[in-house]
Amino acid sequence: MLLELVEKRRSIRKFTDEEVSEKDLREILNIALHAPTAKHRNSVRYIIIRDKKRLEELSHYKKNGAAFLSGANVAIAVLTDSEIAPNTNHQDASIAATFILLAAADLDLGATWANVVDAKHESGITAQKFLREFFGLEDKFDVERVIGIGHPAEEKSEKVPFEYKEVVFEDLNDKVK
């Protein structure tokens with residue numbers, strides 16, 4: 001059931017040295033390929049990074065929040081072609097990344113994403129500029145987030161959902177707080 005999977009998925013940032021199998025990685029990406037996009041424009045692209053040296057370099061693409069990538073067994077950069085979907089590319093990438101996170105959890109793998117928006121590299125350039133150079137991308141591509149995946153080396157406490165009555169409101173009957 002989907003609720004059980006959603007409850008199971010946690011942001012994992014520490015990984016064992018055990019390799020993520022090619023079969024599992026392929027399954028994760030096949031699930032991502034089913035993610036919906038606005039008007040079915042298919043602006044989302046994926047880059048797989050397995051090389052440990054590249055993962056280490058990638059873990060420095062922004063000042064804070066990406067260091068865990070150096071310990072991941074594999075990373076998936078989720079990018080979009082802004083010429084294909086200039087108004088919805090960011091949302092399309094978020095949906096695809098969520099599919100990836102849920103697929104990893106379903107396979108008992110740990111994963112989390114590091115965001116790119118508004119992030120800066122330690123050199124002062126934007127994380128976006130650093131990543132375009134790192135991957136050799138044209139300017140039309142936006143790297144939206146980078147997801148680190150591996151076998152979990154940490155356990156997280158159970159996720160406590162937000163209180164329904166605090167965040168869900170009936171139109172015309174309740175006031176948003």
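This is a predicted model: local features need pLDDT of at least 70, side-chain atom pairs count only at pLDDT 80 or more; totals for chains, interfaces and linings use all residues.
Mentor: Local features need pLDDT of at least 70 and side-chain atom pairs pLDDT 80 or more, while totals for chains, interfaces and linings use all residues. Residues are numbered from 1 along each chain as its sequence is written, and side-chain values use heavy atoms, without hydrogens and water.

Trainee: What makes the contact of helix 2 with helix 4 nonpolar, by class?

Mentor: Contact means heavy atoms within 4.5 Å. Ile28, Ile31 and Ala32 of helix 2 meet Ala96, Phe99, Ile100, Ala103 and Ala104 of helix 4. Ala, Ile and Phe are among the residues that count as nonpolar, so the contact has 8 nonpolar, no polar and no charged residues.

Trainee: Why is the pair Asp108 and Lys8 called a salt bridge?

Mentor: The term requires a side-chain nitrogen of Lys or Arg within 4 Å of a carboxyl oxygen of Asp or Glu. The closest N and O atoms of Asp108 and Lys8 are 2.6 Å apart, so the pair meets the rule. By this rule the count comes to 5 salt bridges.

Trainee: How do you know that the pair links distant parts of the chain?

Mentor: Asp108 lies in the loop between helix 4 and strand 3 (110–115) and Lys8 in helix 1, 100 residues apart.

Conventions:
Helices (H or I, at least four residues) and strands (E, at least two) are DSSP runs, numbered from the N terminus.
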